[in-house]
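Colleague: I am new to this structure and would be grateful for a guided introduction. May we begin with the way its helices pack?

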Amino acid sequence: MRMLDPAVRSVWMIKYALFTLVVTLIVGGYEITQLFSSNDRFLPVGSYTGLVIAVGALISLLIPFLRYKYWRYELLDEELYLERGILNRVRTVVPLRRIQHLDVSQDILEREFDLGKLIVHTAGTRSADVVLPGLAYDEAEQFRDELRNYITEDAL
Amino acid sequence: MASLDDFSFPRSLHPLTLVQQFLRSLPALLILLAPTILRGSAGETRLTLTFAFMYAVVVVPLIIIRYLRFRYWIEDDEVVIHSGVFTRRKRNIPMDRIQNIEIQQPLLPRLMGMAQVRLDTAGSSSSEGQLEYVALEEAQAIRKIVREFQRAETRRKVSETVHSLSPHTPVSAADLMRGTINGTAESDAEDVQEEDEEERVLLFSMPSQRVLLMGAYRFSFLFIVLILSAVQYLQLDPEELADLLFRGPFRDAADVVAESPWLYGSMVVFTAAFLSWLTGIITTFVQYFGFHLWLDDDKLQRKHGLLTLQEGTIPLHRVQTLILRSNPLMEWRRWFRLELQTMGYDVDEQGYHVVVPFAQKDTIAELSPEIRPIQWPESFHSVSPITIRRHFIRYTVLLLIVVLPIAQFWSAAYWGLTLIPFLALFAWLHYLNHGYATDGNWLFIRRGVVRRYTFALPLDKMQVFMTSASIFQRRLGLKSLSVDTAGSRSVNYPEIVDVPEECAEVLLKELTHRFRHYFEMEEEPSKRNRLLTDAADVAAAQNTHGPLSWLHSRQRVDSSANDTVVHAEDKNGKDSAELAHPPDRHVEQ
């Protein structure tokens with residue numbers, strides 16, 4: 001069983017941190033407007049912002065490591081096998097002949113770390129797109145080319 | 001009947017389309033105007049006039065221009081449609097890509113002898129070409145032309161395959177087998193078949209009494225919408241309405257009822273139930289009146305409707321899932337309804353097609369093998385009984401989330417907690433109605449308490465296999481297993497929730513194994529040797545997981561099996577080649 005590229009932890013961490021930052025700005029902005037109102041406050045000013053920062057920091061530090069820890073994938077003879085999830089552990093078996101088309105994508109953060117995502121599209125409904133994140137970009141492209149051989153012309 | 005030549009130059013729609021479109025735009029105008037007409041003041045009258053003016057200047061010319069701009073014709077191998085007022089659209093639909101031709105006749109066009117033609121192709125969520133409206137004979141002629149083209153195309157492909165059969169040409173075994181086997185079946189049918197309309201076999205039809213009976217088992221809450229919108233748009237005064245309804249002796253009865261809250265409440269519930277039952281009967285009757293289902297070679301055809309006559313075609317090889325539906329009331333009298341899920345192209349029914357709206361279970365069991373070789377299971381394997389506890393806790397938490405906040409303001413809400421025993425009952429019913437079964441190339445999953453679904457998933461249409469275990473499930477050693485199929489999204493999907501971990505794992509392994517095996521058999525018989533080791537692997541895995549005999553009710557892969565055994569154990573004793581092939585016996589177009 002293969003694991004993801006360890007660098008993906010940093011990407012996730014930065015993403016969680018950025019999200020925390022946005023929420024902090026919103027909540028902080030709200031609290032600043034409250035500074036000028038004369039209402040009696042239940043909690044001291046800045047406590048919500050503090051809470052958001054604390055929870056955000058915890059999530060950003062913890063979740064990427066856990067996510068990474070539980071992510072596994074393997075290319076079997078005729079299936080792509082994925083295992084993931086911290087609270088809800090999910091195993092997915094995608095028969096290779098069911099692949100409709102393949103995408104490799106890379107966002108701005110992933111580009112910095114030279115990582116990529118492999119997106120496997122099937123004709124299914126609920127889990128039609130299976131995403132395999134955190135592959136080295138070259139590897140993702142290689143993987144895609146490898147999988148491409150299996151695309152069959154099965155009629156649906 | 002019109003021939004191909006008639007369609008080779010641009011044609012307009014039926015002229016009466018203008019009348020129909022005009023009539024169809026009237027209700028919108030009336031709804032806009034209704035409030036002001038009924039109780040208009042001076043200011044509102046001006047508004048009314050403005051609307052009417054805009055209508056005359058904008059809507060009516062639009063209808064006319066749209067009609068004038070619309071042209072369609074049939075070229076060598078495609079249907080061409082030019083349309084559009086502001087944005088011109090030129091659309092070419094290759095005939096061999098057309099999957100479904102639907103002819104619909106709503107009431108008014110029907111009276112004028114017109115029909116709507118919809119051309120559906122694969123891969124688009126909405127109808128790709130729509131002719132609104134053409135003469136009925138013309139619609140039928142178009143359908144015939146497209147069908148004949150597709151037949152000829154199929155024949156051509158088959159003969160090409162046969163030509164390429166010379167020993168030096170590299171042809172994959174898969175092509176070869178598919179081509180020859182399906183091809184012969186196809187051309188045999190071709191010789192016999194002259195007129196497709198007459199060759200089709202009637203599979204199922206419903207007399208009017210049956211449609212009424214079906215309605216009696218359904219409840220529709222459409223009447224609430226009707227009443228509310230009537231009150232809203234016509235600005236009726238509810239009290240005036242009540243005075244109008246309750247006069248004379250009814251007045252006294254109404255007063256008595258209004259005295260007691262219990263009587264009042266139960267009267268409301270009773271009336272609502274009665275009205276919804278009545279609406280259920282009416283809507284069902286309107287929708288399913290004169291239901292007919294035919295089998296035409298490799299397609300199902302159905303026709304139904306009282307006001308709007310609907311005709312549709314479902315190519316059998318597009319069928320992804322069979323769904324057997326009922327509710328407790330229906331199930332009590334063994335009534336069921338059969339739906340097919342197809343690759344999503346018919347938007348009207350979100351890819352669901354009702355093929356048998358209402359029939360006894362035996363009838364459906366007899367009829368469904370015409371769609372695919374299937375035998376509905378008599379019994380299902382239960383999931384773990386721990387699921388009762390889990391569902392009870394889940395329902396209770398939900399109830400508390402609703403009740404507790406309300407109770408802060410209105411203490412009577414605590415009475416809601418008396419529902420808790422019923423939640424336990426409901427959780428138990430959920431357990432009783434949830435189960436799965438495997439049989440040859442099929443996986444069956446049953447779920448639902450009030451709306452009951454039995455999904456039948458054929459091996460060759462499965463897409464993705466998944467198991468999942470939440471943090472709570474892991475503590476209890478449970479897992480959920482789901483199989484994804486193509487088709488449309490829906491609220492209810494096939495998933496087996498809360499099976500013991502090792503059962504889920506073995507079931508997953510068994511399914512993926514059978515899946516692989518299915519296609520190996522279809523494609524390359526030379527791979528059979530490899531299969532042997534696979535079969536042994538699975539058998540070994542099963543032995544380590546204990547005696548899971550429930551998995552292999554009929555077609556089990558024995559550790560001592562050679563491939564003949566694996567094949568021959570189909571329940572119907574059908575020959576192995578046929579089993580290994582997808583039941584769609586025809587060439588894909």
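Predicted model: local features only at pLDDT ≥ 70, side-chain atom pairs only at ≥ 80, totals over all residues.

Colleague: At what angle do α7(B) and α11(B) pack, and how far apart are their axes?

Modeller: Helix α7 covers residues 208–216 of chain B, and α11 covers residues 261–288 of that chain. The packing angle is about 140 degrees, and the axes are 7 Å apart.

Colleague: Is the crossing of α7(B) and α11(B) left-handed or right-handed, and how many nonpolar residues does the contact have?

Modeller: On the α7(B) side, the residues in contact include B:Val211, B:Leu212 and B:Met214; on the α11(B) side, they include B:Trp277, B:Ile281 and B:Phe285. The crossing is right-handed. By class, the contact holds no charged residues and 4 polar ones, while the nonpolar residues number 8.

Colleague: Is B:Ser276 buried or exposed?

Modeller: B:Ser276 is part of helix α11 of chain B. Leaving aside residues up to four places away in sequence, B:Ser276 touches B:Arg218, B:Phe219, B:Ser220, B:Phe221 and B:Phe223. Because its relative accessibility is 1% and the cut-off is under 20%, B:Ser276 counts as buried.

Colleague: Which residue in the turn between β8(B) and β9(B) has a positive phi?

Modeller: Strand β8(B), residues 292–296, is joined to β9(B) by 5 bridges in the antiparallel sense, and B:Trp294 stands opposite B:Gln301. The two strands form a hairpin with 2 residues between them. The residue with a positive phi, about 60 degrees, is B:Asp297.

Colleague: What is the order of the strands in the open sheet of chain B, and which are its edge strands?

Modeller: The sheet has 3 strands with antiparallel pairing, in the order β1-β2-β3. Strand β2(B), residues 78–83, is joined to β3(B) by 6 bridges, and B:Val79 stands opposite B:Ile93. Pairing on one side only marks the edge strands, which are β1 (71–74) and β3 (89–94) of chain B.

How values were computed. Residues numbered from 1 in each chain as written. Chains lettered and ligands numbered in written order. Heavy atoms only, no water. Pairing = 2+ DSSP bridges. Helix = DSSP H or I, 4+ residues; strand = E, 2+ residues; numbered from the N terminus. Buried < 20%, exposed > 50% of the residue type's maximum accessible area, 1.4 Å probe, protein only. Contact = heavy atoms within 4.5 Å. Axes fitted to C-alpha atoms, helices over the stretch in contact; angles between N-to-C directions. Left-handed = near helix turned anticlockwise from the far one by under 90°. Nonpolar A, V, L, I, M, F, W, Y, C, P; charged D, E, K, R; others polar.
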